[in-house]
Amino acid sequence: MVQILADSACDLSQEEAAALQVQLIPLHVTLETGEVLRDGIDTDAAVFFPHLASCKKLPTTSQPSPDLFAEAFDRAKAEDKEVVAVLLSSELSGTFQSASIGASMSDYEKVHLIDSGTASIGEGLLVRLACALRDKGLDAEHIAAALVAAKRHLHVIAVIDDLKFLRKGGRLPAAVAVAGGMLGIKPLVTIKDGKVAMAGKARGLPGAYVAVFKVLEAAGGPAPESPCVGGYTTGLSQMEPIQRYIHKEYPDATLLLDTIGCVIGTHGGPGAFALAFFDGKPDAQAPDKG
């Protein structure tokens, strides 16, 4: 049997993770009051993002401890389960390092760690793919190889309402953030080589949606075999133009909607929304049972 494990930055809800039989390891958010919250467990978007919008000091985020991963790997070892762990980009967080240390502490050779090279809904797409391949009967080694191949076909594009959150969190250079915030520009960001990078800019919200649509078009549209995922921070209405566009232009595509969680939302800020999808037919879709 194969256990799929992920960190909470994949932004799967607790309910979906349970349905998919995915074990989530929570990252942490520390508020300006010093209160520490477990991502996806101790708070939700309805409470967190109004606080984020009004806070004087940006919350800090931190990776899970190696002990949490070691405990999870020890349980899998006791149950004789192979583990595929899909993890937040190692360029953005120490989560992958914590998992690596946890694997060493557990001393369990049937653990496969995947650096997703991405975050949030992009990471969540890889987690869902891992579950689909597990359900097809693939073993951990073949699932891990398929995920590494699929990463080459993964696109994540996000519209940021205010770049100060990425700047304050150290995920974007200050000069880039200042330039992007001028003249009512809506910046688009992506994750390139595991890091946050500017992907373009648009004039106002209507222009931002058009820019997202162009990313879809340039990639040749989404793969019909895999869902697209739309993520939002402060309102489902943010996704309505994307829903209409995909329904019209790519009627065979499936669009799932997720709330962007507190860890990634701390850096994206209120008002951010994103789209993640695989282009074409990912290599990971067609491996034979190993």
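This is a predicted model: local features need pLDDT of at least 70, side-chain atom pairs count only at pLDDT 80 or more; totals for chains, interfaces and linings use all residues.
Trainee: Nice! How are Phe48 and Phe49 arranged as an aromatic pair?

Mentor: Phe48 and Phe49 sit edge-to-face, with 5.4 Å centre to centre and 75° between the planes.

Trainee: Are those two buried or exposed?

Mentor: Phe48 is buried, and Phe49 is buried too.

Trainee: And which residues form an aromatic cluster?

Mentor: Phe213, Tyr245 and Tyr250 make up one cluster.

Trainee: Switching topic, where is Leu31 found?

Mentor: Look in the loop between strand S3 (28-30) and strand S4 (36-38).

Trainee: Why does Leu31 count as buried?

Mentor: Because its relative accessible area is 13%, and buried means under 20%.

Trainee: What does Leu31 touch, leaving out residues up to four places away in sequence?

Mentor: Leu31 touches Leu37, Phe48, His51 and Pro59.

Trainee: Now the helices. How do the axes of H3 and H4 cross?

Mentor: The axes of H3 (residues 66-78) and H4 (residues 95-106) come within 7 Å and cross at roughly 45°. That angle is why H3 is called oblique to H4. The crossing of H3 past H4 is right-handed.

Trainee: Which residues make the contact?

Mentor: On H3 they include Phe69, Ala70 and Phe73; on H4, Ile101, Gly102 and Met105 are among them.

Trainee: How many residues of that contact are nonpolar, polar and charged?

Mentor: The contact of H3 with H4 has 8 nonpolar, 4 polar and 3 charged residues.

Key: Residues are numbered from 1 along each chain as its sequence is written. Side-chain values use heavy atoms; hydrogens and water are left out. Axes are lines fitted to C-alpha atoms, for helices over the stretch in contact, and angles run from 0 to 180 degrees between N-to-C directions. Helices (H or I, at least four residues) and strands (E, at least two) are DSSP runs, numbered from the N terminus. Angles under 35 degrees count as roughly parallel, over 145 as roughly antiparallel, 65 to 115 as roughly perpendicular and the rest as oblique. A crossing is left-handed if the near helix is turned anticlockwise from the far one by less than a right angle, and right-handed if clockwise. Contact means heavy atoms within 4.5 Å. Ala, Val, Leu, Ile, Met, Phe, Trp, Tyr, Cys and Pro count as nonpolar, Asp, Glu, Lys and Arg as charged, and the others, Gly among them, as polar. Rings of Phe, Tyr and Trp (its six-membered ring) pair if their centres lie within 6.5 Å; planes under 30 degrees apart count as stacked, over 60 as edge-to-face and the rest as tilted. Buried means under 20% relative accessible area, exposed over 50%, partly exposed in between (1.4 Å probe, protein chains only).
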